[in-house]
Amino acid sequence: DTDPALWVERAYAQVLSLDSQGLEHTLWQAAITIGSHTLLDAVIAVLLERIGTGWIADEIAPAQEHLATGVIVRVLHRLTDHKDNNGPTLVVATLPGEVHGLGAQLTSAAAILEGWRVAHLGTDLPIEEIANASETLGAHSVAISVTRGYNIKETANQLISLRRLIDGRIQLLVGGGSAHLLDFQEPPKGMTIVLSGLQGLRENLINSKTK
């Protein structure tokens with residue numbers, strides 16, 4: 001079926017029933033049927049929102065969330081595993097204290113599918129490490145995923161510090177479920193807050209590659 005909502009419904013039911021094999025099969029079939037981009041944007045991203053809502057409503061338990069995370073990461077790795085890209089380098093990470101890494105995994109997968117080389121540094125990383133890696137790798141851009149909704153002022157300050165630490169020519173992209181909470185009067189020069197999900201990230205990557 002080509003309707004992403006139906007794939008989300010099926011996948012969510014499999015998360016609830018702890019059916020990891022079924023979930024992996026569903027996501028992989030969705031990729032084959034509706035394509036990788038639609039899988040990321042309209043199935044996995046929406047499924048993660050649904051799991052988040054289910055968590056708040058006490059419908060999703062830690063075991064279900066962990067199972068879903070493991071399966072989604074496996075599927076993303078399978079989708080992007082054999083891509084031998086020669087595009088610009090994107091460094092992907094989350095800031096100190098940010099332990100949720102699925103948004104960053106989705107960012108990495110989306111960038112790889114656009115032909116970028118991706119250095120996925122993982123979660124909860126000191127900003128100095130992110131800056132050093134971007135310099136060592138000659139990164140074109142750095143993408144930070146923000147999902148933690150509390151301590152948002154601290155997150156904003158960390159982003160300002162990171163922007164100062166990295167080379168002025170490197171683009172800093174900030175997205176994720178809590179990016180809309182960042183209250184910059186005006187983001188620092190060279191920082192873009194991406195509020196339109198993976199499609200917005202994709203557009204920024206495509207536009208910046210041509211500059």
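Select helix α6 (residues 127–136) together with helix α7 (residues 152–165) in this predicted model.

On the α6 side, select I127, E128, I130 and A131; on the α7 side, select Q158, S161, L162 and L165. Coloured by class, this contact shows 5 nonpolar, 2 polar and 1 charged residues.

Now move to helix α4 (residues 62–80) and helix α5 (residues 102–113). Here the axes come within 10 Å and cross at roughly 15 degrees, so α4 and α5 are also described as roughly parallel to each other. The crossing of this pair is left-handed.

To view the contact itself, select T69, I72, V73, L76, H77, L79 and T80 in α4. By class, the residues joining α4 and α5 comprise 9 nonpolar and 4 polar, with no charged residues.

Finally, turn to the aromatic rings. Select W28 with R78: the arginine lies over the face of the tryptophan, at 3.8 Å from the ring centre. A second stop is W7 with R10, where R10 lies over the ring face at 4.7 Å from the ring centre. A search for pairs of aromatic rings gives a count of 0.

Definitions and conventions:
Residues are numbered from 1 along each chain as its sequence is written. This is a predicted model: local features need pLDDT of at least 70, side-chain atom pairs count only at pLDDT 80 or more; totals for chains, interfaces and linings use all residues. Side-chain values use heavy atoms; hydrogens and water are left out. Axes are lines fitted to C-alpha atoms, for helices over the stretch in contact, and angles run from 0 to 180 degrees between N-to-C directions. Helices (H or I, at least four residues) and strands (E, at least two) are DSSP runs, numbered from the N terminus. Contact means heavy atoms within 4.5 Å. Ala, Val, Leu, Ile, Met, Phe, Trp, Tyr, Cys and Pro count as nonpolar, Asp, Glu, Lys and Arg as charged, and the others, Gly among them, as polar. Rings of Phe, Tyr and Trp (its six-membered ring) pair if their centres lie within 6.5 Å; planes under 30 degrees apart count as stacked, over 60 as edge-to-face and the rest as tilted. A charge sits over a ring if NZ of Lys or CZ of Arg is within 6 Å of the ring centre and within 35 degrees of the ring normal. Angles under 35 degrees count as roughly parallel, over 145 as roughly antiparallel, 65 to 115 as roughly perpendicular and the rest as oblique. A crossing is left-handed if the near helix is turned anticlockwise from the far one by less than a right angle, and right-handed if clockwise.
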